[in-house]
Amino acid sequence: MSIYDTLNEQQKLGVTTTEGPVLILAGAGSGKTRVLTHRTAYLIEEKGINPYHIMAITFTNKAAGEMRERIDAMVGYGSESIWVSTFHSTCVRILRRHIDRIGYDTNFTIYDADDSKSVMKEICKRLNIDTKIYKERSLLAAISSAKDELIAPDDFALKAAGDFGKRRQAEVYREYQNVLKKNNALDFDDLIVKTVELLRNDAEVLAYYQERFRYIVVDEYQDTNTAQFELIRLLAGKYKNLCVVGDDDQSIYKFRGANIYNILNFEKHFPDAVTIKLEQNYRSTQNILDAANGVIANNVGRKRKSLWTANDRGEQIDFEQFDTAYDEADFVARDIQSGIRNGKFGYGDYAVLYRTNAQSRLFEERFITSNIPYKIVGGVNFYARKEVKDLLAYLKTIDNARDDLAVRRIINVPKRGIGATTLNRVSDYAEDYGISFYDALKQADEIPSLGKAAAKIRPFVTFIQTMRSKLPYLGVSELLREVIEETGYVKELEAEDTEEAQVRIENIDEFISKAVSYEENEEQPSLGGFLEEVALVADIDGLEEGNEYVVLMTLHSAKGLEFPKVYLAGMEDGLFPSYMSIVSDNATEELEEERRLAYVGITRAKKELAITCARQRMIRGETQYNKVSRFVKEIPAELLSGEIRKPSYGESREQKLPVRPKRPAVSRQPSGQSMQAKAFASARTVGGSLDYGVGDRVSHVKFGNGTVTGIVEGGRDFEVTVAFDTAGTKKMFASFAKLKKI
DNA sequence: TTAAGTTAAGTTTTT
DNA sequence: CTTAACTTAA
């Protein structure tokens with residue numbers, strides 16, 4: 001009896017076929033993570049491979065973290081020397097050691113999409129590019145897809161020869177790379193591209209890593225792009241023990257450069273490859289699986305695969321069409337409440353999935369009024385928020401002022417009376433003397449054109465220098481606190497006294513706790529290390545299991561996750577599939593990608609699935625009238641139940657709101673939850689007490705101001721009764737009500 | 001020259 | 001409905 005006996009035959013094959021290239025086609029819910037972890041254990045325990053020689057690559061930090069955890073639990077000693085990380089962090093790790101061999105400094109900074117856009121704006125201005133015709137966004141997109149395909153600026157120019165527009169793009173591409181190089185910065189795509197460049201150009205480095213990574217596993221292989229493929233090919237070039245796991249039916253990142261032929265042609269790239277299919281689904285009910293199969297069957301050009309399950313038929317799929325998107329959100333909220341009430345599910349069993357981030361708002365609003373704890377994944381990444389980016393820019397500047405972008409970002413935040421004109425003069429000076437922007441600031445007094453503006457710059461430079469000298473004594477989180485204190489950043493927000501400012505302050509608090517926990521978890525914390533860790537996190541990474549809240553996210557974010565009950569919202573032609581894909585030049589192809597997305601969505605559900613849509617919906621202030629999504633029609637009709645709701649004008653919306661849920665769950669506060677959720681669901685219970693009492697005036701994000709008339713302690717939380725001035729009397733749980741004393 | 005106030009334009013999906 | 005670019009007042 002061994003741990004491998006619990007696997008089915010195909011899974012076992014995936015575990016024990018360790019030598020040579022292996023393609024595992026893993027249908028949704030077929031237990032591929034189990035195969036990967038068991039395979040790793042097998043390599044170490046049965047084959048006696050040193051963990052040092054094993055590498056696993058995933059797309060998200062969350063996936064990497066999960067795999068790491070499960071491998072650790074299974075392998076025990078030595079598992080920490082396995083590289084388990086994302087493509088991007090793997091590359092950063094390699095580049096930090098060796099990028100000097102291709103002419104960069106090893107303390108390079110990483111630019112996010114925002115930073116890239118700022119660079120692009122400047123370039124367009126400098127090259128006199130009419131951004132009405134060539135939009136920054138599309139220029140960046142062109143550059144990004146070139147990088148995905150490993151096309152360097154020179155190659156791009158070569159290929160562009162005949163086409164004026166393309167030649168212009170080539171020019172911009174070249175300039176963009178120059179600016180990044182000058183700033184010692186890499187963008188996301190560069191992380192991969194430069195690693196490939198390094199491995200291609202430096203035989204010594206390549207040999208080192210080839211020798212090290214004798215066994216390589218790649219998860220979500222269907223989403224790799226050409227550059228990532230080349231990276232893997234190079235690394236696995238010597239031993240060729242490459243195991244890739246993926247599902248062509250779940251390829252949903254074409255827009256990000258994913259090359260579906262990486263998986264479809266794997267056997268061509270590696271002629272002696274073994275292909276293993278995992279076709280038994282352990283996740284979903286028969287009905288859910290049938291629905292998914294019914295939809296995906298409409299795609300041509302996929303690897304033949306027939307997913308089956310030994311699970312029960314389960315409930316029918318609940319399909320509901322509503323009059324408006326409000327009614328849709330209302331239904332989902334009520335349905336969740338009723339599931340909770342009769343003990344069928346907990347909040348953490350639910351997920352609401354949608355095509356676009358904008359759809360989250362209606363659900364969010366509705367969940368607040370219903371006291372449903374929730375968490376939104378995605379939207380604006382935590383580290384991409386203004387306030388967080390501002391503080392990060394301070395930290396970057398203190399750490400290493402070579403990043404002009406960061407310096408420029410904060411030089412006038414808070415307002416120091418330094419405007420665009422002054423900045424331009426400084427950067428002209430920097431340009432003339434070939435020094436960095438920050439160095440030019442240091443010499444502000446010597447820049448004649450500045451005049452009295454130089455006096456405004458001096459305190460800023462002094463501040464940065466002072467902080468820099470304090471860094472060794474303070475550590476990251478204390479430094480951050482000091483920056484906030486000295487700049488008055490939070491004070492300024494407090495003075496604003498708006499809901500928005502409040503959210504920002506909470507984000508800043510959260511940012512501080514991230515810094516604290518970084519210092520606690522890291523053996524040798526450093527400012528540079530912190531900045532690096534923060535540069536590569538995605539929003540999905542913060543999602544924790546076992547927490548009691550409903551999760552809201554896009555279908556893209558949902559890949560790789562599963563939930564007992566899933567709502568697929570906004571299933572309307574024009575929304576999903578998106579209008580863009582329907583009218584596209586290659587609509588067939590794009591619709592297939594959308595269909596795969598639908599397939600991903602449906603297969604997230606374990607027990608129950610509800611599909612909802614609305615007849616009319618406000619999109620960017622305009623009302624749209626949409627038909628039921630074509631994907632719904634591809635689901636065999638006998639699998640569907642539910643009804644199509646007729647407009648109900650007689651019923652007032654007020655009546656529909658269940659103001660007092662009968663048995664609201666006592667909530668545990670998840671740590672590290674996303675900021676949207678935190679903003680609305682944050683526990684005001686500090687150390688088991690509230691900062692308001694009976695008789696106090698409080699404000700609520702939705703109901704406005706009111707007076708507290710009662711507080712009842714129950715379990716871990718407080719049930720607070722508030723008489724609102726305009727919204728009547730409500731009972732709510734303190735941790736979700738976000739009541740603010742006024 | 002800066003900063004506040006006003007008007008115009010734009011939205012898929014993201015490491 | 002929200003964010004970015006433009007205009008005007010200080």
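**Close-up views of a predicted model**

View 1. On the face of α23 that is turned away from its buried side sit the exposed residues K491, E494 and A495. The model shown here and in the views that follow is a predicted one. Helix α23 spans residues 489-496, and its buried residues are Y489, V490 and L493. These three cover an arc of only 90 degrees around the axis, which means that they lie on the same side of α23. An α-helix has 3.6 residues a turn, so residues three or four places apart point the same way. The cover over the buried residues of α23 includes α17 (386-399), α22 (476-487) and α24 (499-521). Just after α23, the residue D497 adopts a positive phi of about 55 degrees.

View 2. Six strands, in the order β3-β2-β6-β7-β1-β8, make up an open sheet with parallel pairing. Because β3 (83-86) and β8 (274-278) stand at the edges with a single partner strand each, one side of each of them is left without a neighbour in the sheet. Between neighbouring strands of this sheet the turn is 15 degrees on average, with direction ignored. Strands of a sheet pair through backbone hydrogen bonds, either parallel or antiparallel. In the part of the sheet where β2 (residues 54-58) meets β6 (residues 215-218), the two strands run parallel and are joined by four bridges, and I54 has Y215 in β6 as its bridge partner. Helix α4 (residues 87-98) packs on the sheet, where α4 touches β2, β3 and β6, and the direction of α4 makes about 115 degrees with that of β3.

View 3. Strand β7 (residues 241-246) is largely enclosed by the rest of the structure, because six of its six residues are buried. In a regular strand the side chains alternate between the two faces of the sheet. In β7, N241, C243 and V245 point one way whereas L242, V244 and G246 point the other way, and all of them are buried. Strand β6 runs parallel to β7 and is joined to β7 by four bridges, with V217 standing opposite C243 of β7. Strand β1 (residues 22-26) also runs parallel to β7, again through four bridges, and here L23 stands opposite V244 of β7.

**View 4. The protein surface around DNA strand B.** There are 27 residues around DNA strand B, and of these F59, R137, R355, T422 and R620 come nearest. Of the atoms of DNA strand B that come within 4 Å of the protein, 65% belong to sugar and phosphate. Helices α19 (420-433) and α26 (555-558) each supply at least two residues of the surface near DNA strand B, and α19 gives the most, with four residues.

View 5. Residue R596 is found in helix α28, which covers residues 587-602. With a relative accessibility of 9%, R596 counts as buried, since the limit for a buried residue is under 20% relative accessible area. When residues up to four places away in sequence are not counted, R596 touches D248, D249, Q250, S251, I252, I260, I296 and N299.

**View 6. The surroundings of K606.** Residue K606 lies in strand β16 (residues 605-619) and is partly exposed, with a relative accessible area of 26%. Its contacts, leaving aside neighbours within four places in sequence, are R283, S284, T285, I288, E562, F563 and P564. One of these residues, P564, is 42 residues from K606 in sequence, and the C-alpha atoms of K606 and P564 are 4.6 Å apart.

**View 7. Chain A as the setting for the close-ups.** The secondary structure of chain A comprises 32 helices and 23 strands. Chain A has 742 residues, and 55% of them are buried. Among the contacts in chain A with a separation of 6 or more, residues 24 or more positions apart account for 74%.

Methods: Residues are numbered from 1 along each chain as its sequence is written. Chains are lettered from A and ligands numbered from 1 in the order in which they are written. This is a predicted model: local features need pLDDT of at least 70, side-chain atom pairs count only at pLDDT 80 or more; totals for chains, interfaces and linings use all residues. Side-chain values use heavy atoms; hydrogens and water are left out. Two strands pair if DSSP finds at least two bridges between them. Axes are lines fitted to C-alpha atoms, for helices over the stretch in contact, and angles run from 0 to 180 degrees between N-to-C directions. Contact means heavy atoms within 4.5 Å. Buried means under 20% relative accessible area, exposed over 50%, partly exposed in between (1.4 Å probe, protein chains only). The arc is that of the directions from the helix axis to the C-beta atoms. A residue is near a molecule or strand if one of its heavy atoms lies within 4 Å of it.
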